[in-house]
Amino acid sequence: MARVLAAMKASFKPLGETALDPTLGQPMAVGRADLISGLDVRHPEFARSGLFIDAKGAVLTAAAGLDRCGKVTIEGAPAKIAFADQGLGIAVLQPLAPLAPPAVAQFETVTAGRGAALAVAGFSYPEALSAPVVSFGTLSDLTGLAGEPDRARLAVKTLPGDVGGPVLDGAGAVLGVVLPQEGATAQLLPPEMTVAVQATALVPVLAAQGFAPLAAEPGGTLAAEDILTLAQGFTTQIACWK
């Protein structure tokens with residue numbers, strides 16, 4: 001490769017000290033989508049969201065379906081399932097190569113009350129957008145539909161790509177992780193209702209597996225744009241491949 005690079009550099013000759021006039025030539029008449037027309041573009045079995053929980057790139061996400069994946073990736077980087085807790089419905093992924101996340105999520109230390117404002121960050125449109133979307137809503141209840149104490153009901157509309165994404169309180173601390181709506185449960189839920197697993201149940205399980213979550217400092221309510229900026233730092237996309 002070094003020899004090839006040297007040959008490539010030698011084949012170019014600079015002309016002056018300025019860039020070419022951007023008006024030179026004709027714009028390409030073929031759209032980018034047409035350039036790959038006819039090619040068999042590989043797509044994942046499903047894509048969902050997750051959140052970085054340590055500086056080594058470990059990602060917390062929803063566990064449903066991961067056991068059927070031939071390969072799992074974090075933002076395109078190969079990863080492995082470090083552990084999964086089917087009772088809580090969560091799993092932790094670890095990248096196979098070193099991965100430095102832009103930010104690490106912090107978990108709430110004071111449980112939010114019913115009616116509290118919240119935000120869900122996730123890759124709602126994984127095929128169209130390369131950044132997470134933040135949806136705002138309220139905390140409906142601190143139990144699941146069947147009264148499960150480790151669940152929470154959220155009054156916010158989510159999409160399948162948001163599964164595994166963080167639920168944030170008004171200060172940007174993680175208060176839960178979005179779970180998928182499957183089977184009979186999905187039929188019971190109205191479109192604007194989402195179920196999540198609470199941080200109070202997540203923290204001791206993560207700590208027991210060696211992933212000690214960072215505790216958030218108590219703070220005031222952040223503006224919507226500040227929560228978006230915060231969430232974009234530690235919300236990531238994972239994909240399941242055959």
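User: Hey, which strands do the buried residues of α5 pack against?
Analyst: In this predicted model, the buried residues of α5 pack against β1 (46-52), β7 (117-122), β8 (133-141), β10 (166-168), β11 (174-178) and β14 (235-241).

User: And which residues of α5 are buried?
Analyst: Helix α5 covers residues 224-234, and its buried residues are I227, A231, G233 and F234. They cover an arc of only 150° around the axis, so they sit on the same side of α5.

User: What's exposed on the other side of α5?
Analyst: That would be E225 and T229, both exposed.

User: Nice. Switching to α4: which residues are buried there?
Analyst: In α4 (residues 199-208), they are A199, A201, L202 and L206. Their arc around the axis is only 150°, which means they share the same side of α4.

User: What covers them?
Analyst: The cover for the buried residues of α4 includes β2 (59-62), β4 (77-85), β5 (90-95), β6 (106-107), β11 and β12 (193-198).

User: Which residue with a positive phi follows α4?
Analyst: G210 follows α4, and its phi is positive, near 90°.

User: Let's look at Q198. Where is it found, and is it buried or exposed?
Analyst: Q198 is in strand β12. It counts as buried because its relative accessibility is 7%, and the cut-off for buried is under 20%.

User: What does the side chain of Q198 reach?
Analyst: The side chain of Q198 reaches the backbone oxygen of R151, at 2.7 Å.

User: Which residues does Q198 touch, leaving out those up to four places away in sequence?
Analyst: Q198 touches T111, L142, T143, P149, D150, R151, A152, L175 and G176. So R151 turns up both in this list and as the partner of the Q198 side chain, if we read the WHY behind its burial at 7% relative accessibility alongside.

User: New topic: which residues form the nonpolar patch on the surface?
Analyst: V4, M8 and F12 form that patch, with about 330 Å² of accessible area together. V4 lies in helix α1 (residues 2-10), and V4 counts as partly exposed because its relative accessibility is 45%.

User: Zooming out, how many helices and strands does the protein have?
Analyst: Five helices and 14 strands. The C-alpha trace spans about 70 × 40 × 35 Å along its principal axes.

User: How much of the protein is buried?
Analyst: Buried residues make up 40% of the 242 residues. The protein exposes about 13,700 Å², with carbon and sulfur atoms supplying 58% of it.

Note on methods:
Residues numbered from 1 in each chain as written. Predicted model: local features only at pLDDT ≥ 70, side-chain atom pairs only at ≥ 80, totals over all residues. Heavy atoms only, no water. Patch = residues over 30% accessible without salt bridge, like charges linked within 9 Å, V, L, I, M, F, W, Y side chains within 5 Å. Areas by Shrake-Rupley, 256 points an atom, 1.4 Å probe, with all protein chains shown as cover. Salt bridge = Lys/Arg side-chain N within 4 Å of Asp/Glu carboxyl O. Helix = DSSP H or I, 4+ residues; strand = E, 2+ residues; numbered from the N terminus. Buried < 20%, exposed > 50% of the residue type's maximum accessible area, 1.4 Å probe, protein only. Arc of directions from axis to C-beta. Contact = heavy atoms within 4.5 Å. Polar contact = N/O pair within 3.5 Å; in protein donor to acceptor, adjacent residues only side chain to side chain.
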